[in-house]
Structures are given as C-alpha cells and as structure tokens.
Amino acid sequence: MQNISVTNVKAHPGDSAFLLSSGNTTVLVDTGFAFTGHIVAENVRCALGERPLDYIFLTHSHYDHALGSAYVLKKYPMAKVVAGSYASGIFAREGAKRVMRDLDKKAAAAAGITAYEDLIDDLRVDIPVNDGDRIIAGDMEFTAIHLPGHTKCSFGFYMEKEKFLIGSETLGVYYGGNDVWPCYLIGYNTAMESISRVEKMDIENILLPHFGLVSGEKAKWYLNTARRSAVDTAETIAAMLKSGKAKEDALNFVKDRFYHGSVKTIYPPDAMVMNTNIMIDLIEKELL
C-alpha cells in the first residue's frame with residue numbers, strides 16, 4: 001500500500017485504534033474505550049509529533065471503538081469526526097450512552113481501573129456519511145461503504161486507487177490464529193449481504209478492527225474464512241436449536257470454538273455473552 005502508513009496506537013488489548021498517514025494527512029481509525037481515551041490520545045501525539053490530527057473515522061458506535069474519540073478531541077479539537085449518520089443519532093441518546101458507560105466501566109474494572117474522566121457526553125460526529133458518500137481527507141480519498149450486520153451504523157471506508165478497505169466487524173472479528181469470529185448483531189442475512197458486497201470489491205489491503213493490517217494472500221484468506229465461519233457457525237447453531245438443544249448449549253459451542261487463549265484478555269466476558277446470545281436469537285429467528 002504505497003505512501004500510506006498504518007500505526008497501532010491502541011492502549012489496551014481490547015482497544016481498536018489505528019493511525020493512517022499519507023505524509024500530508026492523518027486519519028485515526030477508531031479510538032478505543034473511554035477509560036483508555038487519554039492514553040490513545042497520547043499515543044497519537046507520540047506518533048505525530050508536532051503534526052496535527054486531521055480526521056477521526058469511526059467504523060461504528062460501540063463503546064470499545066468510539067468512546068475514546070471524546071478524549072482524542074480534547075487534545076486535537078480541530079480533527080473532524082466521520083461516522084455513519086445513524087451513529088450520530090446514537091450518540092445523542094441517553095439510553096445508548098448509559099449502556100456504553102456501563103460496559104466501559106466494567107471493562108475498566110477488569111483492567112484494574114476504577115476512576116477516570118467521563119467525557120462521553122462530548123461524543124460528536126462532524127461529518128455524518130451515508131452509503132456511497134465520498135470523503136476527501138486531504139490527499140486521501142475514501143468512499144463510505146455501509147456494511148450493516150454487526151450494527152446498523154457499521155461502515156467501511158474504501159480507497160479505490162490503493163485497493164484498501166478500512167474494514168468492519170460485520171465481516172468478522174480476527175484476533176489472530178486460524179479462525180474469524182462472526183459478529184452479526186442485527187441480522188445474519190444482512191451481514192452475509194455485506195460480506196458478499198465486499199467480496200466483489202477490488203481489495204488487496206484490509207485494516208481489521210482490533211487486529212491491524214492484512215494484505216495480499218492474508219487479506220484473501222481473511223475474507224474466505226470470514227464467510228465460511230459465518231455460515232458454519234449459523235448453521236451449527238440452527239441445527240442445535242432444531243434438535244432441541246438449549247440456547248446455553250449454543251453459547252457454549254461458540255465459547256469453545258472462539259473464546260480461548262489471548263481472546264479472553266481482549267473480549268470482556270460480559271460483552272461476549274451478551275453479543276453471542278443476540279446472535280443465537282437472530283439465528284433462531286432467521287434460519288428456523
């Protein structure tokens with residue numbers, strides 16, 4: 001990927017925060033938790049030196065991706081936040097912010113942090129985007145790609161010339177190893193449509209939330225594995241439920257397949273259980 005650098009500026013294993021730079025323009029992709037927000041902001045400052053941060057792109061509104069933006073903006077108030085139009089509405093909802101606060105505090109407590117500045121009410125979106133919108137970010141040009149399935153507000157951002165996609169958790173979450181964890185929270189069929197859409201694009205490089213950049217054959221492997229894993233997981237859960245197995249058995253199947261090793265330090269258990277139960281309910285509704 002010529003002339004574009006990617007720097008990991010995460011502050012915690014569960015964060016997602018990567019800095020793109022063309023040499024002239026800088027874009028922070030996702031910003032991590034609230035409890036790590038100030039550290040992510042400092043990591044960005046260390047990476048940039050005296051250069052400004054120009055843009056913040058949010059792939060979706062979940063707490064481990066978006067809450068840190070308020071803290072980064074405290075250090076870089078001129079940076080423009082780009083996110084899906086639906087995400088901007090979520091940030092205005094007191095109920096949504098209450099859930100994000102609660103999940104963030106639980107993740108912080110698990111990391112041994114019990115007190116930190118609360119800037120969640122300062123969340124904002126400066127440039128709300130819809131599918132197909134062009135974003136001219138200095139000398140970088142992106143197309144916003146709506147990829148619902150994980151959330152309604154999930155977006156990827158595509159640089160056609162560079163064949164580079166800023167990915168979405170709708171496609172599947174990769175933590176390393178030999179598998180990709182499906183993460184469809186609003187619809188299995190919707191997620192599969194998003195995966196099919198990306199498969200038709202000319203992509204050689206994908207920036208994966210939480211993990212980082214994959215290129216060439218690894219990018220192809222990721223997309224192939226993401227599809228296979230999404231289908232296999234859904235069909236296995238559907239078969240279990242159809243045979244009379246309890247939803248707890250389906251939850252344990254997902255945990256046994258995906259939730260082991262270093263993933264346990266990255267993916268908070270309460271969020272994992274909540275999200276997996278949502279997936280199981282969706283599969284029951286759509287496939288049975």
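Helix axes here are lines fitted to C-alpha atoms over the stretch in contact, with angles taken between N-to-C directions from 0 to 180 degrees. All views show a predicted model.

**View 1. Helices α7 and α8 pack against each other.** Helix α7 covers residues 217-242, and α8 covers residues 247-258. Their axes lie 9 Å apart, at an angle of about 150 degrees. Angles over 145 degrees count as roughly antiparallel, and α7 and α8 are therefore roughly antiparallel to each other. Their crossing is right-handed.

**View 2. Residues at the contact of α7 with α8.** From α7 come Ser229, Asp232, Thr233, Thr236, Ile237, Met240 and Leu241. They meet Lys247, Asp249, Ala250, Phe253, Val254, Arg257 and Phe258 of α8. Sorted by class, this contact has seven nonpolar, three polar and four charged residues.

View 3. Leaving aside residues up to four places away in sequence, lysine 247 touches Leu241, Ile280, Asp281 and Glu284. Lysine 247 and glutamate 284 are 37 residues apart in sequence. In space, their C-alpha atoms are 9.6 Å apart.

**View 4. An aromatic cluster containing Phe155 and Phe157.** The structure holds 16 aromatic pairs. In one of them, phenylalanine 155 and phenylalanine 157 are stacked. Their ring centres are 6.4 Å apart, with 25 degrees between the planes. Both phenylalanine 155 and phenylalanine 157 are buried.

Key: Residues numbered from 1 in each chain as written. Predicted model: local features only at pLDDT ≥ 70, side-chain atom pairs only at ≥ 80, totals over all residues. Heavy atoms only, no water. Helix = DSSP H or I, 4+ residues; strand = E, 2+ residues; numbered from the N terminus. Parallel < 35°, antiparallel > 145°, perpendicular 65-115°, else oblique. Left-handed = near helix turned anticlockwise from the far one by under 90°. Contact = heavy atoms within 4.5 Å. Nonpolar A, V, L, I, M, F, W, Y, C, P; charged D, E, K, R; others polar. Phe/Tyr/Trp six-rings, centres within 6.5 Å; stacked < 30°, edge-to-face > 60°. Buried < 20%, exposed > 50% of the residue type's maximum accessible area, 1.4 Å probe, protein only.
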